[in-house]
Amino acid sequence: MAKPIFLVVVVLCLLIPTPTHGGSVQQASALFIFGDSFFDPGNNNYINTTSDFQANQWPYGKSYFNTPTGRFSDGRLIPDFIAEYAKLPLIPAYLEPGNDEYTHGANFASGGAGALVDSHAGFVVDLHTQLRHFNDLANHYKQNLGDTKAGQFLSTAVYLFSCGSNDYLSPVANNHSIYYQHTQEQYVDMVIANLTTVIKGIYEAGGRKYGFLTVPPLGCWPAVRLKQPGNTCVKQIDDIVRLHNQALARQLENLEKQLEGFMFSKFDIYSSISDRMKNPSKYGFKEGETACCGSGPFGGIYSCGGMRRTKEYQVCDNASEYLFFDSYHPNELATRQFAEMFWNGDVEPYNLKALFEG
């Protein structure tokens with residue numbers, strides 16, 4: 001079984017920026033990022049995995065970085081924009097060699113990761129391993145800053161999560177036994193319980209402010225519709241995703257009551273993507289169902305970049321016209337729209353700007 005590379009981090013001369021006052025965001029707030037390919041800035045470049053879980057080939061990155069970075073997009077991801085809005089630099093991939101200062105936080109996300117360790121086990125950095133990496137880094141903060149300053153640093157930071165998609169997409173679509181050993185409700189409960197364990201682990205280290213994406217409408221992904229008669233959406237996947245999002249909302253409200261000082265922002269990316277798929281022109285897109293990069297109907301064959309099982313692929317001229325960049329991921333324009341809503345929109349109970357300023 002392939003195992004993620006473990007990077008021992010030594011934090012050198014960690015400096016916390018001076019807070020600003022008035023109405024602006026406090027620059028002392030750091031950003032820590034957990035989850036899957038929606039948030040992975042390139043951690044999977046540095047683990048022993050396959051090209052299915054990497055995006056380090058052209059044309060990924062072509063619209064902004066002009067080179068592939070490992071992001072599953074033509075450009076930036078939601079955490080990249082959130083960092084910009086919070087007056088922070090791009091948050092580095094934790095596993096990237098050469099990083100020994102995490103002044104503004106760290107990104108632990110891994111493409112393909114889920115809340116369950118079994119989700120793509122051996123090919124990704126699962127969420128529990130991401131928590132271990134965070135705890136290692138938190139200990140280094142304490143060693144370098146002392147308990148008091150490190151505690152303040154961790155308590156004012158914001159912790160972003162995109163997690164759950166891989167726990168449902170692969171097991172349900174591929175009839176894995178782990179899924180069919182449980183009812184849908186039981187399976188969702190397992191996913192939520194694992195996510196909750198990680199949240200509480202961060203809370204114990206001092207984390208108080210959290211941002212969460214709901215699971216998007218996976219049943220209508222180009223890669224999923226490709227395999228269906230008539231290229232229809234898969235109701236079974238859509239049903240369990242809805243159960244997850246409902247359970248996530250309930251659990252976050254429970255944690256708010258149980259954990260003193262716990263604050264959260266939950267962005268409904270499910271509805272935002274669904275609406276853009278149905279009404280692309282309303283949001284500046286020409287195409288809401290077909291991927292810019294891929295092959296086959298809807299661009300649904302996961303071949304973008306030519307490094308996976310299918311080598312032949314097509315890529316559109318203007319990625320910003322397509323809601324989806326590849327068979328599973330939205331383009332940078334859509335991502336910017338989601339980030340803006342997450343940051344400053346009508347998000348319950350708080351938007352991210354309020355968390356950073358609070």
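Helices α6 and α8 are oblique to each other, a word kept for angles that are not under 35 degrees (roughly parallel), over 145 (roughly antiparallel) or 65 to 115 (roughly perpendicular). This is a predicted model, where local features need pLDDT of at least 70 and side-chain atom pairs count only at pLDDT 80 or more, while totals for chains, interfaces and linings use all residues. Residues are numbered from 1 along each chain as its sequence is written, and side-chain values use heavy atoms, with hydrogens and water left out.

Let's start with the helices. Helices (H or I, at least four residues) and strands (E, at least two) are DSSP runs, numbered from the N terminus. Two packed helices are described by the angle between their axes and the distance between the axes. Axes are lines fitted to C-alpha atoms, for helices over the stretch in contact, and angles run from 0 to 180 degrees between N-to-C directions.

| Helix pair | Angle | Axis distance |
|---|---|---|
| α6 and α8 (residues 235–258) | about 40 degrees | 9 Å |
| α2 (residues 127–145) and α6 (residues 184–205) | about 5 degrees | 10 Å |
| α9 (residues 269–278) and α10 (residues 332–344) | about 140 degrees | 11 Å |

Helices α9 and α10 are oblique to each other, and their crossing is right-handed. On the α9 side are I269, S272, I273 and R276, which meet Q337, F338 and M341 in α10.

On a 1 Å grid over the protein atoms alone, a cavity is a set of points where a 1.4 Å probe fits but cannot get out, and a pocket is an open set with protein on both sides within 12 Å along at least five of seven lines; lining residues have an atom within 4 Å of a point. Grid points are joined across faces, edges and corners, and a volume is the space filled by probe spheres set on the points.

The largest pocket holds about 810 Å³ of space. Of its 37 lining residues, D52, H120, L169, Y302 and Y328 are the closest to its centre. Helix α4 gives the largest share of the lining, five residues.

The whole structure has three cavities of 30 Å³ or more, and the largest cavity contains about 70 Å³. I269 and F338 are among the residues that line the largest cavity.

Finally, look at the loops. A cis peptide bond joins W58 and P59, with omega about 15 degrees, and P59 lies in the loop between β1 (31–35) and α1 (78–85). Another cis peptide bond joins E348 and P349, with omega about -10 degrees. In the loop between α7 and α8 sits N231, whose phi is near 55 degrees, a positive value in a residue other than glycine.

Key: A crossing is left-handed if the near helix is turned anticlockwise from the far one by less than a right angle, and right-handed if clockwise. Contact means heavy atoms within 4.5 Å.
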